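User: I would like to go through this structure step by step. Could we begin with the strands?

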2 protein chains.
Amino acid sequence: MMRAHNFSSGPAAMPSEVLIQAQNELLSYDDSGMSIMEMSHRSKYYDQIHNETMELIRQLLGIPANYKIGLLQGGARLQFAMIPLNFMSKGRQAGYVLTDTWSEEAFKEAEHVGSAYIAGKNDGYRRIPDSNEIEIQRDTTYIHLTSNNTIVGTQYHDYPQLNGVHLIADMTSDIMSKEIDVNSFSLIYAGAQKNLGPSGVTLVILREDLLEEESSLTMPALRYSSHLKENCMLATPPTYNIYLVNLFAKWIQQQGGVAMIEKQNQKKATLLYDFIDQSGGFYKGYSERSSRSHMNITFHLPTKELDQKFIAQAYQEGFIGVNGHHRIGGCRASIYNGVSLQSCMELEMFMKHFQDQNG
Amino acid sequence: MMRAHNFSSGPAAMPSEVLIQAQNELLSYDDSGMSIMEMSHRSKYYDQIHNETMELIRQLLGIPANYKIGLLQGGARLQFAMIPLNFMSKGRQAGYVLTDTWSEEAFKEAEHVGSAYIAGKNDGYRRIPDSNEIEIQRDTTYIHLTSNNTIVGTQYHDYPQLNGVHLIADMTSDIMSKEIDVNSFSLIYAGAQKNLGPSGVTLVILREDLLEEESSLTMPALRYSSHLKENCMLATPPTYNIYLVNLFAKWIQQQGGVAMIEKQNQKKATLLYDFIDQSGGFYKGYSERSSRSHMNITFHLPTKELDQKFIAQAYQEGFIGVNGHHRIGGCRASIYNGVSLQSCMELEMFMKHFQDQNG
C-alpha cells in the first residue's frame, strides 16, 4: 500500500506501525471478540489501557509524583476556557504571552472571565519573546504561553523562570517531541493530534499545588479536580482515541524514548533548514533563526506564483500538506513525530529538483 | 474471527460491517495514502466526511431546516454544563425532570449556574413521570429530561407537551434507535457511543430560536453559536470518531433508515421482555412495564447469588456486559442498534438453558 509523505499541520502523520497494529486489532482486541471502541470504559481491557497510557506518559516525560495526569476531551480550545475558569480567582490576574493565533485565542477566552493581560508579544510573531521581555504584573496567579506556534513556525527553546508565579503551557504542537523539565510548569496541556495520536483527546499534566487555587464556584463538569477524582471518567472517555495514544506512546518507547525522538526531530529539522539556508535565497525561512520551530518549517519561494506552483507540484508527487497557513501564505512542512526522516529526505530532494527547474 | 455477543451498556457494539470498512481504510482512505485520522481537518477528504455526516443525520432523523446540527466533544457531561451556562439567563428558571443518575447529574451542574428546580420525579425511578406529573414553574426557560435511562432501564415513549417552554432532551442512550418528532424539542444532545459510533463525539440538534436565548456572557469556547459558526471546527474536531459516525449512519441508511431500525429494536426488546415475563418469575423485570426501555433490559434472578452465577456463566459463553449497574445490581442486556437480533436470540436461548439448570 502506497503511503503519502504527510506533512500536515495536524491532525498529522502517525507511524505506520501504530496504524497496522490498530488495523489488526480493530475487530477483536486480544481475545475479547470486540473492538476497543465497543467496550465499556469500565471493562478490564479498557481499564488497563486507560491507566497504562497515563503511566507510559509519566515515564516518557519523566513526570514527577506530585503531578496528576489527565486525558480529557474538547481540545486545547476547552483548556483555553477551563484554565481561567478554574485559576483566575477574584482580585487576581493572569498574564498571556502572545506568540501567534492560538495564544491570542487563549487570551480572548481568559478576558471573558477576569483580569487577563498581555505579558509579552513581538510584532509579526517571527520571534519568541526573550525571558527579559516578559512582564509580570502584580497579583498574577499564572503566566500562559504556547510552546510551539504552528502557523509562523516558532518554538520556545528555553522557558522563562517565573519565581513563584505558575507557568502554564499549551504544548499541543510539540508535546513528546523533545525532553522537557516538567518541574518548570504548573500545568501543561496538549491536544494529541500532532505528536501523540489522533484528535479528540487532550493530555493534561497538573502540579498538585495548582489545584489548591481552583475556584469552588466553577461547575463540576469544568473543574480539573472533578475529572481527576473520577480518573478522567466523569464523562465517558474517548476510549478509542486513548487506545491510539497508548500505541503511539509505546512506539515512542520502542524508538528509545523521548530523548531519541528529540534527536531524530532535530535531524529532520536541521536537514530542511540547512537546505533552505543554502538555497541561495530561493527558499527563505519565515521565522527568525533563534526561534525556529523543529515542528513546523515555514518558508517562502521568490514569488507567490512559485509558492503555488511548488505546492501543486509537491501534491502531485505525493507530498501532502505543504501549503502554508492562509494568514501568512507560503509553504510549510510540519515534521511531527510521525513523519519519518525518509519523508524529509525525499522532500529535500524534491525541493532541490524544483529549484533546479524554476530557480 | 469470533465476535462476542456484546451487551455492553456503552460504549457498545458496532455493526461488523462498519468495523470491517474502517479496518480496510485504516492505512489509506480512498486514494489518499493516509488514514482519516492523519488528515488535516481542513483537507478535502475530511471536509467531505464532516459535512456529509451532518447531512446524513439530518436525513435519517428528519431534522427540519430551522435546526442546526453540531458535532462536539466532551460527552453529555459537557452538555450538562453548556446548557445552563448558555440558556439559564438571569431571573429565569430551568426545570429538570429526574428519572435517574444522569438526569440528577445534569441537574447538579445546572444548580451551580442558577435557579434550577425539579420538575418531576418518581421515587425509585422505575417509571417515567407522566406528562401531568410535570410541574412547570413561572419564568421557566427550559425543561430538561433524559429520554432513556440506562441504569434502571426506563424510556420515554411519549414526550410532554410544554406550550412554549423549550424542551431539552439528553438522548445519549436512544438517539437513532427510533423515530422522533424533532419539532417537539428545542435542543437534543447525545453522545454517540451507544447507537451511533464510538465515544468522543456528541451530536447536538438545536432549534434556531433557542440560540436567541444564548447568554452573551458565556465565553466563546462554551457557546453553541461560536461552535456552530465555525462548523464545529472551533476546536480541531475528533475526526476519526466523526468518520466512524459517518459509517454507522450509512449503515442505518442501508438497513432502511430509522423506521426499520426501530422495528428491529422493538423485535429485540419484545423477544427478551416476553421471555422474562413468561419465565414464571425466575427472571423479573426491574422497571414498570409502561416505562420499559427498548435499549436496556434490566432484570433480576431469584437471588443475588443466582445473578452472579448468571453473569459469570454468560461471560464464559461469550455474552459480554450483562451485569447490572452496581447501584441496582441484577442483570442488564443493552441492545443498542449495533446488537443483532441473532445475539438477542442466542441470549434468550442461554437464559432458557440457565433457568432449566437453576430454576
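User: Which residue is the bridge partner of B:Ile297 in E14(B)?

Analyst: The partner is B:Ala333. Please keep in mind that this is a predicted model.

User: How many bridges join E12(B) to strand E14 of chain B, and in which sense do they run?

Analyst: Four bridges join them, and the two strands run antiparallel. Strand E14 of chain B covers residues 331-334.

User: And what about E11 of chain B, how does that strand pair with E12(B)?

Analyst: Strand E11, residues 284-285 of chain B, pairs with E12(B) in the antiparallel sense over two bridges. B:Lys284 stands opposite B:His300, and B:Gly285 has B:Phe299 as its bridge partner in E12(B).

User: What actually holds paired strands together?

Analyst: In general, strands of a sheet pair through backbone hydrogen bonds, and the pairing is either parallel or antiparallel.

User: What is the order of the strands in this sheet?

Analyst: The order is E11-E12-E14 in chain B, an open sheet of three strands with antiparallel pairing. E11 and E14 of chain B are the edge strands, since each pairs on one side only.

User: Which helix lies across E11 and E12 of chain B?

Analyst: That is helix H8, residues 258-277 of chain B, which runs at about 10° to E12(B).

User: Changing topic: where is B:Gln155, and is this residue buried or exposed?

Analyst: B:Gln155 is found in strand E7, residues 154-155 of chain B. The residue is buried, with a relative accessible area of 2%.

User: What lies 2.8 Å from a polar atom of the B:Gln155 side chain?

Analyst: The backbone nitrogen of B:His294 lies at that distance. B:Gln155 also touches other residues, including B:Ile128, B:Asp174, B:Lys178 and B:Met295.

User: Finally, what does UniProt place at residues 6-337 of chain A?

Analyst: The unreviewed UniProt entry places the feature "domain: Aminotransferase class V" there. Over residues 6-337, chain A is 34% helix and 18% strand, and the end C-alpha atoms are 11 Å apart.

Key. Residues numbered from 1 in each chain as written. Chains lettered and ligands numbered in written order. Predicted model: local features only at pLDDT ≥ 70, side-chain atom pairs only at ≥ 80, totals over all residues. Heavy atoms only, no water. UniProt positions renumbered as here; feature names shortened; annotations may be inferred. Pairing = 2+ DSSP bridges. Contact = heavy atoms within 4.5 Å. Axes fitted to C-alpha atoms, helices over the stretch in contact; angles between N-to-C directions. Buried < 20%, exposed > 50% of the residue type's maximum accessible area, 1.4 Å probe, protein only. Polar contact = N/O pair within 3.5 Å; in protein donor to acceptor, adjacent residues only side chain to side chain. Lists of a residue's contacts leave out its neighbours within four places in sequence.
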